[in-house]
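Colleague: Could you pick a single residue in this model, look at it closely, and then show me how its surroundings fit into the rest of the chain? I would like the cut-offs as you go.

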Amino acid sequence: TSELINHPCFKQFPLLRTYRLRLSEITMKDASDFAVFAWKGGERIPEKEVPILIELNEQLYDEKSAINWGVFYEDTLIGAIGFYRGFKDMNGEVGYVLNPKYWSMGLMSEAMEAVLNFGFKEMKLKEIWAYTEPTNGASVSLLEKFGFNNSRELFEKYAIYKKKTTL
């Protein structure tokens, strides 16, 4: 993180926009929408614990080790996407989740494109990786659509996909 410690993205939370989406910080006023799709470690998070997760996201951002955007569609929080677990060696891990009501609409593709562009072009990350369950066909398809390659490595039950910068 030392190369990113003074990056402007950690001075003011970056706002990203796509054709249909606004990607911005998740706040406590978004807690009830967030509770619909909040998962951690493969487990659904109880609604009463969602404020703790929002506070954790804020803390990790303040520590410059994560940027977690809320995915807003028509001003409703429908998902989350962001970089997790720090930026060691100018690499990042992207993770994402979407309210099932909004699956198969191309919305996570829009969000992924914006976040990857931000990561590679603005943050100057060298490589971005993602962990997904090999049986999650929609997630695997999303990653492959954006040029991620299956590294053939496994972490617990997750396949690791990687994408290097093309800049």
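Modeller: Happy to! With a relative accessibility of 52%, Asp89 counts as exposed, because exposed means over 50% relative accessible area, buried means under 20%, and partly exposed is in between (1.4 Å probe, protein chains only). Before going on, please note that this is a predicted model, in which local features need pLDDT of at least 70 and side-chain atom pairs count only at pLDDT 80 or more, while totals for chains, interfaces and linings use all residues. Residues are numbered from 1 along each chain as its sequence is written, and side-chain values use heavy atoms, with hydrogens and water left out.

Asp89 sits in the loop that joins β6 (76-84) to β7 (91-98). Helices here are DSSP runs of H or I with at least four residues, and strands are runs of E with at least two, both numbered from the N terminus. Most residues other than glycine have a negative phi.

Ser104 belongs to the loop between β7 and α3 (107-122), and its relative accessible area of 82% makes it exposed.

For a contrast, turn to Cys9 in the segment before β1. Its relative accessibility is 3%, so it is buried. Setting aside residues up to four places away in sequence, Cys9 touches Pro14, Tyr61, Ile67, Phe118 and Met123, where contact means heavy atoms within 4.5 Å. Phe118 lies 109 residues from Cys9 in sequence, yet their C-alpha atoms are 9.7 Å apart.

Leu15 is also in the segment before β1, but it is partly exposed, at 48% relative accessible area. Beyond residues up to four places away, it touches Arg22, Leu23 and Ser24. From Leu15 to Glu25 there are 10 residues along the chain and 7.8 Å between C-alpha atoms.

Thr18 comes next, in the loop between β1 (16-17) and β2 (21-25). Its side chain reaches the backbone nitrogen of Leu21 at 2.9 Å. That is a polar contact: a pair of N or O atoms within 3.5 Å, where within protein one must be able to donate a hydrogen and the other to accept it, and residues adjacent in sequence count only if both atoms are side-chain atoms. Leaving out neighbours within four places in sequence, Thr18 is also in contact with Glu110 and Ala114.

Now for the whole chain. It has four helices and 10 strands, in the order β-β-α-β-β-α-β-β-β-α-β-α-β-β from the N terminus. Of its 167 residues, 49% are buried. Among contacts with a separation of 6 or more, 58% join residues 24 or more positions apart. The C-alpha trace spans about 40 × 40 × 35 Å along its principal axes. A compact globule of 167 residues would have a radius of gyration near 15 Å, and the 15 Å of this chain agrees; the radius is taken over C-alpha atoms, and the globule rule is 2.2 Å times the number of residues to the power 0.38.
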